[in-house]
Structures are given as C-alpha cells and as structure tokens.
There are 2 protein chains.
Amino acid sequence: MLEDRKLDVLRAIVEDYVSTHEPVGSKTLVERHNLGVSPATIRNDMAALEDEGYIAQPHTSAGRIPTDKGYRLFVDRLSSVKPLTTAERRAIQSFLDGAMDLDDIVARTVRLLAQLTRQVAVVQYPSLSRSSVRHVELVSLSTTRLLVVLITSTGRVEQRVVETGTEVPDTLLAELRAQLNALTVGARLPDAAGRLAELPIHFTDDQRSTVSAVLSALLESLVEEHQDRVVMGGTANLARFGPDFPLSIHPVLEALEEQMVLLRLLGEASDPSVLQVKIGHENSHEGLTTTSVVSVGYGTEGESLAKLGVLGPTRMDYPGTMGAVRAVARYVGKIVGEA
Amino acid sequence: MLEDRKLDVLRAIVEDYVSTHEPVGSKTLVERHNLGVSPATIRNDMAALEDEGYIAQPHTSAGRIPTDKGYRLFVDRLSSVKPLTTAERRAIQSFLDGAMDLDDIVARTVRLLAQLTRQVAVVQYPSLSRSSVRHVELVSLSTTRLLVVLITSTGRVEQRVVETGTEVPDTLLAELRAQLNALTVGARLPDAAGRLAELPIHFTDDQRSTVSAVLSALLESLVEEHQDRVVMGGTANLARFGPDFPLSIHPVLEALEEQMVLLRLLGEASDPSVLQVKIGHENSHEGLTTTSVVSVGYGTEGESLAKLGVLGPTRMDYPGTMGAVRAVARYVGKIVGEA
DNA sequence: ACTTGGCACTCGATATCGATGAGTGCCAGC
DNA sequence: GCTGGCACTCATCGATATCGAGTGCCAAGT
C-alpha cells in the first residue's frame, strides 16, 4: 500500500512537472491529483523518494523535480505508450503518402516527427548494408571520366566520379557494365563487395587501370558505412524548450550538428525493434545531459533498416512522444518496404 | 570636409558596434579611432546622423547604434570587401578538395561557410534548368516497376519510380533507353523536356501506356524546379549571436526551417554574379528583421547555377563576411564546373 | 504504524531605493 | 566651425526589506 502510493506520487510529480515546467510542491500535488491524503503525508513520501534518488529539489525551499532516475522509473514502470488519436494517424498517412523518392520520404518523416512531437526529429537513412544491389550503371562524363552509379533495393542511389587516365572505349564500358551487373545484382551490399574480387582477371592488361579504378569506386559505394546519413529537423523547437532551458541551447545545437553524435544518439541498441529511451546522463555526450532521446528502428518485416527518433528536454511527455515515434516508425517502415 | 568626417564617424560607429556589441558613445569613439577632433564635435555629427536616420539610440542617454539605413550606407559606400588571408584560402581549398559527389560538395560548402563566417550558412543546389542532360537510365525494379534515372551535367541524379501496369520486355526497355538518350543527351533540361514530345509516335499502341508513364516521370524530373533544394548549416552559431539577440532565436530558427523562406532569402537578385546584401527589414520575412543576408551566385564561366550565402545578425562584420562568401562561391563554382 | 495539523524556518523571487556614471544636448567662448 | 563646460537623463548595480511557497519535524489523533 505504501509503496504503491509512493509510486503514485512519483508519477504525479513527473506529470505535473512535465506540464507546468515548475517544481511541484506537496500542496499543489494533492490539489491537482486526487490522492486521498494530506500534504503532510505526501511530504513524507517525497522525502523518501528524495532519499532514494528519484526526485530532487533545486533549492532548499522549493518543490521537487524528477531526477533522471525518476524519469527512468516513470518510463519503465509508471507509464504506458500513449496511442495516437485517429486524427493523428490520418495526419501521418496523408503526410507520408505523396512521397516520391527516398530523399523525399526521409525529409517528410523528419518534418512529420518534429511537428507531431514538437521536438527535434532525427531520421537515419536506411542502412545500405542490409539492402541489396539493384543495378550498377556506368556513364562516361568525358573522355577520361566515368560516373559510377549504384542503385540499391531501398531506392538509394550512390554515385562516384572516376578519373580513368586513359580513354575508355564504349565496348569496354558495356562489357564492364554487363559483368558488374551479372556479378552483383541481387546480392547484399557487403556480399557484392566480396564478389567484386572475382572480376578483374577477365580483362587485358591495358584495361586493368580503368577497371580497377571503377572497381575501387564501386567498392567504396558498397562498403561506405559512414554514408549512414542522418537528417535532422525541428531545431526551432529547441527554442521552445524554454528560456529556462538549462545552459541555453548552444551546446545542444553544436552536438546536433555533428553527424557522429547524431548517429550515436540513435544508439546501437540491442533490439532495434523496441522503443529505446535514453534519459539525460544516459546520453554519453555531454551537452546533451539535459535531454532525452526516444528512438526506434524502422524497416520491413521485422528487419530493421535504420533508426529514427526525437530529442527533447528530459522533462518531455514520454508517453505521447513514445507513441508518436512508434507510430511514425511503423508507417515509414511500411512505405520503405513498398518502394 | 564636414560631410567626409560625418561618414568617417558613421564608419567608426559601425565598426565599433560590430566588434563590441555595445552602443558606442562620443568619448570612446574619439579614443579608439584617431579622429582629430573633440568628443563635442563628434556629438554634433552624431546628432546630424541621427536626424538623417543612420543611427539611433536605444535609450536616452546611451550611445548610438547603427540603423538598417546606416548599415546600408556602410556597405554601399564606406567599406570594401575584405580579401581572405592566404591561410583562409588554403583552408577553403583543402576543405573542398576531397569532395566526391554533388551532395558532398554542397555539404562541405555549407560547413565551410558556417565555419569561416561563424554564422548560418545556406547553399542552394545547382539549378537543374541551367544544366544539361548527361544520361538517362532505365532500370527495371520488378516486373511492373521501372526506375527512371536522370543524370545531369552538374552531377545531380534524379530518380523516379514508375508503375507500368503491364510487364515491360527488356527489348523495349533498351530501345526506349537508346531513343531517350539520343534525343536528350547534351540538351539543356528545359529543351530536353520539349524534345520528349517528338518521341511516342515511334511505338506501337500497346507500348504506349508504358512509354507515356516513363515519359511523364522523366518530364517531372526535367522540369521539377522546386527541387531547387537548399541546405543549411551552422545553426549553432545562432546561439552565439548573443543572449542579447533580440527576441531570442525562435522566430529565426522557425523561418530557417521553411524551404521557401530560405530560397527567397537567397533572393531573386537582378545580377546573381554580384554580391547581394540584404539588411534587416530589407528581408521581407518578419522574424528576420534583425538579421542580414549576404549572398551571391556561383557557377561556371559567368553562368550562375545557384546561390549561396550566410545569414547573421545585422550587426555582422560585413567586409569579412562578404569576402568569405565571395571567395567560397568562386571556389565552389570552379569545382562544380569541373565535375 | 500511519496519518495529520501545526509551526518555525529557509531561501529564492520581487520590489524599493539610492548611488553611480556614461552619455547626451546645449551654450558660450575661442 | 570647433571646443570645453555644465546640467540633465536614465540604465545599471548593489543593498535592503518583504513576501510566500515549500519544507522538515513534532506531537497528537486514529
């Protein structure tokens, strides 16, 4: 009974603080939520919660604020993911439906997420390593220049310009194109990279340099894992986080401009199909210690291609945010699967 | 003589205010710059400048701040574009050299500009309408699905997925590919769009639907002007604009997230090859009335393909910013020309 | 064993007040 | 037309006082 009420109190504190952005005291707590007890009782519980590290007071005589640990408990045990309203679902669908190519899908997803959660949205491009080769194309740009284009099953197009040094006859180009496609089409990107090794022996010596140049470019395209590009949007919402937002937005903006940080933000989580919530200091990066990240993988048929998520102040509406992120991930996964 | 000195005073005020971010008074002015006159004299000039609307005082009994009109005069007549140091030139070169594809070039340019000017950088993708068709490629994704790929002379790749409804034999695909390339390669994008009209008659009736589907997709790619995408970076610098930055960053961030606003920001200037400076209220968009935009077109051989620029507080270092923007535009133009 | 009302206490937030001083406008003299 | 002098304005800053939300603790009640 006691333990139960303490958890109720914690939940109430989190909810109140999230909605008011102000430290919450015992009196206002009993007023707003109908716990059937007096402020004094609440105070006792609060003191206990503070001892256990779930809440803290900014100043000696102020209300309580949830700590990271408090939010963690709230997310893990005191709340459930809030399903979206049908209006929101419709919005997602209509927002995402008109998308043409992959770039467009990602761009729309970012804006959608940002709008829905009113926070900063981050979307990772579908990973190349999970996708397969759809087509390889060689186009001569000038006498000594080739464009190598790789088209993947997720609709992504990678391109590289190659300096051949010598002139490349069209016949060689056609031959090479045919062989490359025969060798790689349908294979997973990493596998395709491996198969390339079988190729060069079929050509004469003076073709070698050209061929190997093309190969290395293609290889680059195939293995370029760091091309795991990430798109971000909704930074305007950062300002909304409050004028009271700790230490201003500068470090946050700075961190968000680092691709690497963004990628790590989305996390190398164990199971990408389950919602991941990183709260405050759980984000390794300093400067993001007052923010939380809600992320989840998206993709086809249980196979997660990439991740997406949002970043906001630790004092965010977790149930709502989690609901939005999960819903968007599902829709996008479906769409990417179709394309 | 008198007029000359008044202009000197205005220049001094702008320079001081830009470097200190504080209203500048008559006394400190004479100290810092060696005008050979007394503070009282300066005060007279200042009063005159204020009457004419070039400067203003935030409060009675405070120093003067340049108005938009003052900055305008400063930019037009009192300053000259500051050439970069050789160190900076080297930085530009090394920063831009490793670029692989067009995306990469644009991304690097944005970061370079942001870093160099310590402001928000905006770069427009090279316009498609000015470029020409390098190659058209058709790739079958599945039995009833085609990918139409357009490669332009600026290295840009446009892609569209087409539902054909019926199965498309490889022979038709090859034929169509050959004809499309013969018809369009080398032509400017708008011209190429026109020429497409000549094509369909060469095919049989039951091929019509497929062909016309492909054509309309290609046509879309060719004319899609709104694909004038814009990339932005360096938003972290917004925070640097000061805690004193008027009305916080919110409206600015919001404006910057609108593609349309960004595009208008770069401006439909008369002659894109000349540096354009928009100061404060000259930017139509409200919310950007305390910011200035320095932009210029870039491209090959005097032909401007797109624009780039930076956005900062009206109290920016105009000569330096203009120098950086111009220098970067030149280098990028050269690189895009090569690619 | 909890809960509750009461009460003294803390301390951030807010308001008031005066001193300070940078900066101004104006004027009379050079 | 420049300059020094002078009275005046007003934002800034620090000190002081007040206010009140919120706390911790205790003794009494159930």
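Predicted model: local features only at pLDDT ≥ 70, side-chain atom pairs only at ≥ 80, totals over all residues.
1. Chain A can be laid over chain B by a rotation of 179° with 0.2 Å of shift along the axis, and the RMSD is then 0.4 Å. The two copies are thus related as by a two-fold rotation axis.

2. What about the place where the chains meet? Of the interface residues of chain A, 89% are interface residues in chain B too, so the copies meet through the same surface.

3. Now to DNA strand C, which has 21 residues around it. The closest are A:Val37, A:His59, A:Thr60 and A:Ser61, plus B:Gly25 from the other chain. The elements giving two or more residues to this surface are α3 (39–51) of chain A, and α2 (26–32) and α3 (39–51) of chain B. Which element has the largest share? That is α3(B), with four residues.

4. The surface near DNA strand C divides into eleven polar, seven nonpolar and three charged residues.

5. DNA strand D has 22 residues around it, and those that come nearest are A:Gly25, B:Val37, B:Ser38, B:His59 and B:Ser61. Here the elements that supply two or more residues are α2 (26–32) and α3 of chain A, along with α3 of chain B. The most comes from α3(A), which gives four residues.

6. As for the make-up of the surface near DNA strand D, look for twelve polar, seven nonpolar and three charged residues.

How values were computed. Residues numbered from 1 in each chain as written. Chains lettered and ligands numbered in written order. Least-squares fit on C-alpha atoms with pLDDT ≥ 70 in both. Contact = placed C-beta atoms within 7 Å. Near = placed C-beta within 6 Å. Nonpolar A, V, L, I, M, F, W, Y, C, P; charged D, E, K, R; others polar.
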